[in-house]
Amino acid sequence: AAEYLSGLGHKRMMILRGMVRESTSCRFRMEGFQQTLSIYGIELEAENIIESHLDMNAAYEASVERLKNRDMRLPSAV
């Protein structure tokens, strides 16, 4: 996903991730995403990382809540 979105020209991305403290696979996916972004010279800002349980309702609520923050610059890709 990071390579694809970077290839489309996105520089400011938001990611929804699982609970990395609870899941090794979530932690590895996050590390891979960030490593790929760094290859493209892109840094994922902490405000654009949403951690949530990965059921549909919890993920939706966490995403909407973050995107309502009027002080943040909106990402070009989620």
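**From one residue to the whole chain**

Me: Is Ala 59 buried or exposed?

Reply: The relative accessible area of Ala 59 is 11%. The cut-offs are under 20% for buried, over 50% for exposed and partly exposed in between, with a 1.4 Å probe and protein chains only. Because of that 11%, Ala 59 counts as buried.

Me: Happy with that. Which pLDDT do local features need in this model?

Reply: Numbering starts from 1 along each chain as its sequence is written, and side-chain values use heavy atoms, with hydrogens and water left out. The model is predicted: totals for chains, interfaces and linings use all residues, side-chain atom pairs count only at pLDDT 80 or more, and local features need pLDDT of at least 70.

Me: Which residues is Ala 59 in contact with, leaving aside neighbours within four places in sequence?

Reply: Ala 59 sits in helix α3, which covers residues 56-67. Helices (H or I, at least four residues) and strands (E, at least two) are DSSP runs, numbered from the N terminus. Contact means heavy atoms within 4.5 Å. With neighbours up to four places away set aside, the partners of Ala 59 are Leu 16, Ser 52 and His 53.

Me: How far apart are the C-alpha atoms of Ala 59 and Arg 17?

Reply: Along the chain, these two residues are 42 residues apart.

Me: Which strand holds the salt-bridge partner of Arg 17?

Reply: The side chain of Arg 17 meets that of Glu 51 in a salt bridge, 3.3 Å from N to O. A salt bridge is a side-chain nitrogen of Lys or Arg within 4 Å of a carboxyl oxygen of Asp or Glu. Arg 17 lies in strand β1, so the pair ties together parts 34 residues apart in sequence, with Glu 51 in strand β2.

Me: And what is the relative accessibility of Glu 51?

Reply: Arg 17 counts as partly exposed because its relative accessibility is 21%. Glu 51 is also partly exposed, at 25%.

Me: Which helix holds both Arg 27 and Glu 31?

Reply: Their side chains meet in a salt bridge, 3.6 Å from N to O. Arg 27, at 35%, is partly exposed, and so is Glu 31, at 34%. The two residues are 4 residues apart, about one turn of the helix, and that helix is α2.

Me: Which residues do salt bridges that share partners join into one network?

Reply: The count of salt bridges comes to 4. Shared partners join Arg 12, Glu 45 and Glu 47.

Me: Which residues does Ser 6 touch, not counting those up to four places away?

Reply: Ser 6 is part of helix α1 and is buried, with a relative accessible area of 8%. Beyond four places in sequence, Ser 6 touches Met 13, Leu 37, Tyr 40 and Ile 42.

Me: How far apart in space are Ser 23 and Asp 71?

Reply: Ser 23 is in the loop between β1 and α2 and is buried, with a relative accessible area of 18%. Ser 23 and Asp 71 are 48 residues apart in sequence, and their C-alpha to C-alpha distance is 31 Å.

Me: Stepping back, what is the radius of gyration of the chain?

Reply: The chain has 3 helices and 2 strands, in the order α-β-α-β-α. The globule rule (2.2 Å times the number of residues to the power 0.38) is compared with a radius of gyration taken over C-alpha atoms. For 78 residues the rule gives 12 Å, so the chain is as compact as a globular protein of that length, with a radius of gyration of 12 Å.

Me: Finally, what share of the 78 residues is buried?

Reply: Of the contacts with a separation of 6 or more, 68% come from residues 24 or more positions apart. Buried residues make up a share of 35%.
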